[in-house]
Amino acid sequence: MIAASISDYRELARRRLPPFLFEYIDGGSYAELTLRRNIEDLQAVALRQRVLRDVSAVDLSADLFGVRCAMPVALAPVGLAGMNARRGEVQAARAASAADVPFCLSTVSLCPIAEVRPAARNLWFQLYMVRDRGFMRSLLAAAAAAGVDVLLFTVDLPMPGARYRDFRSGLAGAAGPAGQLRRAWQAACHPSWAYDVAIRGKPLTLGNMTATMAGKSGLQDYLGWITRNFDPSLTWDDLAWVRQHWPGKLVIKGILDPEDARQAAAHTVDGIVVSNHGGRQLDGVISGARALPPIADLVGDQLAVLADGGVRSGLDVVRMLALGAHGVLIGRAWAYALAGAGEAGVSHVLALIRAEMSIAMALTGATRVAEIRRGNVQLM
Ligand SMILES: Cc1cc2nc3c(=O)[nH]c(=O)nc-3n(C[C@H](O)[C@H](O)[C@H](O)COP(=O)(O)O)c2cc1C
């Protein structure tokens, strides 16, 4: 199958990955209402066609936290991405660098920061807070030593949302031999993935976490470990702790409510990501597309407002920008591409987004990113 769109890469990923990994990427929490709303609400935003404007030169470039990027798009943090292809985070970081956009490494990646660093020109790091603060200090020190440009502090996962697909597929709730056997059988039925990742892609451990997981940094009961060790007692006061240990750019990821956006703006942060974690946390919350406009109106002139959720094309990026985002994160779009075709797949998806953005800008009469405004879309 030749992939021509992001949904084609989803299909390639479905064919190539063992089900416990495909369902982990593709799924959301509970009945997946929010997962669907993210996509549907964004696609329901109508682009306003304008004609007879000189669109012979369309410039997609934009600043993200003081760095000029080819387009205002970054690869969102995706945990376990290194399971999608051999040393997957390195491959994706290379593709992001070639396309001149930032790559954000998840705390729960397979490849540690130091392994990804040489591959990424513009490296962001996403922080989950675990209870062990000594370890948190060393993780932040490692990010600083690697010259990470921007820290995304994810605050919408005090505990993981229930993802039914992960239970059905065998990723969650099965730490013992039964679970291992199930996953091994699925891997054996997907030999090209198994050879690429399970054999040649070792070590299959959470590279940033080995120091705190007491020798259990493999995938055994990964979700159980998160439940036991992520810190649900976090408050706005802990933000001061992060700020104290992180001198660089700091962005809060997982804001969905204007009141929280207002509080974020009252702290010394550089930006926020309007996000519901790709519909993987509290099912039933509003979509990124619906949450974004009031938040952008409230704090958009004080902070960088990034947004994500449901972006499946360059047209969706333009929609998010028109709704008020200064930058847009893509999650599943790159994870599918990495699973389907490795680095080349991620490069292709970024090229698709670029081409689709250019066309959407030209046909809405915007020749620069700064010209994309609310007036370029009609809310249905
Ligand atoms: C498989 C998967 C793993 C994810 N892991 C993380 C993570 O480790 N940290 C984080 O802050 N967000 C994580 N997210 C959320 C993404 O960063 C992003 O908010 C979301 O994917 C955006 O929605 P989209 O997938 O529709 O683009 C993950 C999302 C997916 C799909």
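Which residues are the closest to the ligand, and how many surround it? Let's work through that and a few more exercises. A quick note first: this is a predicted model, where local features need pLDDT of at least 70 and side-chain atom pairs count only at pLDDT 80 or more, while totals for chains, interfaces and linings use all residues. Residues are numbered from 1 along each chain as its sequence is written, and side-chain values use heavy atoms, with hydrogens and water left out.

**Exercise 1. Describe the surroundings of the ligand.**

Step one: find the neighbours. There are 22 residues around the ligand, and the closest are P77, S106, T154, D308 and G310. A residue is near a molecule if one of its heavy atoms lies within 4 Å of it.

Step two: sort the shell by type. Seven of its residues are nonpolar, ten are polar and five are charged. Here Ala, Val, Leu, Ile, Met, Phe, Trp, Tyr, Cys and Pro count as nonpolar, Asp, Glu, Lys and Arg as charged, and the others, Gly among them, as polar.

Step three: look for polar contacts (pairs of N or O atoms within 3.5 Å; within protein, one must be able to donate a hydrogen and the other to accept it, and residues adjacent in sequence count only if both atoms are side-chain atoms). The side chain of D308 puts a polar atom 2.6 Å from an oxygen atom of the ligand. For S106, a side-chain N or O atom is 2.7 Å from a ligand oxygen. G331 uses a backbone N or O atom, 3.0 Å from an oxygen atom of the ligand.

Step four: check the cover. On its own the ligand has 600 Å² of accessible area, and the protein covers 99% of that. Accessible areas come from the Shrake-Rupley method with a 1.4 Å probe; for residues, only the protein chains shown count as cover.

**Exercise 2. Work out what can be said about D100.**

Begin with the backbone again: D100 has a positive phi of about 60°, although D100 is not a glycine. Next, its place is the loop between α4 and β5 (103-105). Last, D100 is partly exposed because its relative accessible area is 32%.

**Exercise 3. Compare sequence separation with distance in space.**

Take D237, in helix α11 (residues 236-245). With a relative accessible area of 63%, D237 is exposed. D237 and H267 are 30 residues apart in sequence, and their C-alpha atoms are 9.9 Å apart.

Move on to V349, which is found in helix α15 (residues 332-364). V349 is buried, since its relative accessibility is 0%. From V349 to V90 there are 259 residues in sequence and 16 Å in space, C-alpha to C-alpha.

Then try G254 in strand β8 (residues 249-255). G254 is buried at 16% relative accessible area. Between G254 and R86, 168 residues apart along the chain, the C-alpha separation is 29 Å.

Finish with D316, part of helix α14 (residues 314-322). D316 is buried, at 1% relative accessibility.

Note on methods:
Helices (H or I, at least four residues) and strands (E, at least two) are DSSP runs, numbered from the N terminus. Buried means under 20% relative accessible area, exposed over 50%, partly exposed in between (1.4 Å probe, protein chains only).
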